[in-house]
Amino acid sequence: MDSRGRQMDRKVIFWGCGNIAGQMYRNYKSEFTLLYGISNNPNETAFIPQEGHIFPVKRPENKKGKAKGMIVICCAEYEKVAEQLSLSGYIPFVDFIDYELAETIWTGKKIVLLYGFCHLRGVAECLRGTKEFSKIYMPVYYPNYLFLNFYQQGRLQYLLSHCSALVYARTLEQENYRKNTAILGNLKRSVRVYALHAVYFGGYFPQKKRTYNKMNEFAAKSEGYDYTPFSYGDSWLNECIEKEMGFDDIFEYIEKKEVYEKDFIQRYAEGEWKRLRYQEQETDLRIADYIEKYYRTQRLFRNEAHMENIVLYEYARQVLQYLGCSGRIQETDAPFMKCSQHFIYPCVAKALELGWDVWQEELDLYTYDGWKKVNMKEYIQAYYESCREIRQLKRKYMLP
């Protein structure tokens, strides 16, 4: 190994001879010795990543004896190739890995694995934009709420065995508790572990007639999208749609009456503080006090389940502090959470004494046709029209 601890005699074989393979070779050729390439395409006979560097390309074959080198899958759809290799007798993460995983290891940086819900993806992006952190560490986000196939489970285990720090989301659900317990029991002793809780905040968005944080019954999920425009429902608007009220009548009610009583709104917010503080009793990273201190002066949540960037920055600052990293987080106007900003009822803004005019607030509406900027009335109208049509399709047995 050299002074950075790199394994200079690492022998690898590239599966794929396209742009990804070429970029991997040019960026990291000092980290390995490339033996040859593999491709399913019979027309590919040579891999030429740069002038004067030529490698033969072979066809796939079943494993015979000890592998000659680690196969690095240099294809965007690496899981399909991983399946082919597994069926050919190769062992994942022993005989082959994918290019993204190889790149993570070859940077020579310490891996900080952020494992849990989607807000940790935002924290990872915040950390990636901090120069002092990025000189030493590589943040890697891994979700636990999505279905993980066999390869992805192995990939997570590989990352766990190579990380130097783990930031994970602690939840009260038994399924996630079992996963976290298994992970923590399998970590190396040298790995630093920091827990945070899966934070939800309904103070801006009180609901009376549905289970907390339940997905919208009038939202249609679409393959390839993490969210829909209205993933999280509004119980009062949904009730109006069920009663087949017209949009003008709904908006007039919001303008002239109180959808929720002041006492209910304030008790609801107080309940949120108590819940957050209870959940954070045994976590390392805490956010309840920060939310209570600043929620009146600026919007902190896009909807009850997803944070604004400013909250993610605070989480990232706490991670940096634990790791002993100084430096300024590079802030951005683009939201890390790709979901709509739900509107805040005027009666809620009044009861909570919010410091901005919710009537004039410009809201991000996340659609399949890209982002749109809308005011509160336009948001409610889009919600009304979309959810009303989906309800009708469901009633006609045209949607599940």
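Contact is taken here to mean heavy atoms within 4.5 Å. The views show a predicted model, in which local features need pLDDT of at least 70, side-chain atom pairs count only at pLDDT 80 or more, and totals for chains, interfaces and linings use all residues. Residues are numbered from 1 along each chain as its sequence is written, and side-chain values use heavy atoms, with hydrogens and water left out.

**View 1. Packing of helix H1 with helix H3.** Ile-20, Met-24 and Tyr-28 of H1 meet Tyr-99, Ala-102, Glu-103 and Trp-106 of H3. These residues comprise six nonpolar, no polar and one charged; Ala, Val, Leu, Ile, Met, Phe, Trp, Tyr, Cys and Pro count as nonpolar, Asp, Glu, Lys and Arg as charged, and the others, Gly among them, as polar. H1 (residues 19-28) and H3 (residues 99-106) pack at an angle of about 10°, with axes 12 Å apart. H1 is therefore roughly parallel to H3, a term for angles under 35 degrees. Axes are lines fitted to C-alpha atoms over the stretch in contact, and angles run from 0 to 180 degrees between N-to-C directions. Helices (H or I, at least four residues) and strands (E, at least two) are DSSP runs, numbered from the N terminus.

**View 2. The loop between strand E10 and helix H8.** Asp-234 lies in the loop between E10 (192-197) and H8 (235-242). Asp-234 is buried at 9% relative accessibility, where buried means under 20% relative accessible area, exposed over 50% and partly exposed in between (1.4 Å probe, protein chains only). Beyond its neighbours within four places in sequence, Asp-234 contacts Gln-207, Phe-343, Tyr-345 and Tyr-383. Phe-201 also belongs to the loop between E10 and H8 and is buried, with a relative accessible area of 1%.

**View 3. The nonpolar cores.** A nonpolar core is a set of buried Ala, Val, Leu, Ile, Met, Phe, Trp, Tyr and Cys residues joined through side-chain atoms within 4.5 Å. The largest has 82 residues, and those with the most contacts inside it include Tyr-204, Trp-236 and Tyr-260. Helix H12 (residues 309-323) gives the most to this core, with eight residues. A second, separate core of 51 residues includes Met-24, Ile-73, Tyr-99 and Ile-183.

**View 4. Cysteines without disulfides.** The structure holds zero disulfides, a disulfide being a pair of cysteine sulfur atoms within 2.5 Å. For Cys-75, the nearest cysteine sulfur, that of Cys-74, is 7.0 Å away. Cys-75 is partly exposed, with a relative accessible area of 21%. The sulfur of Cys-339 is 7.3 Å from the closest cysteine sulfur, in Cys-118, and this is too far for a bond. Cys-339 is buried at 2% relative accessibility.

Note on methods. Angles under 35 degrees count as roughly parallel, over 145 as roughly antiparallel, 65 to 115 as roughly perpendicular and the rest as oblique.
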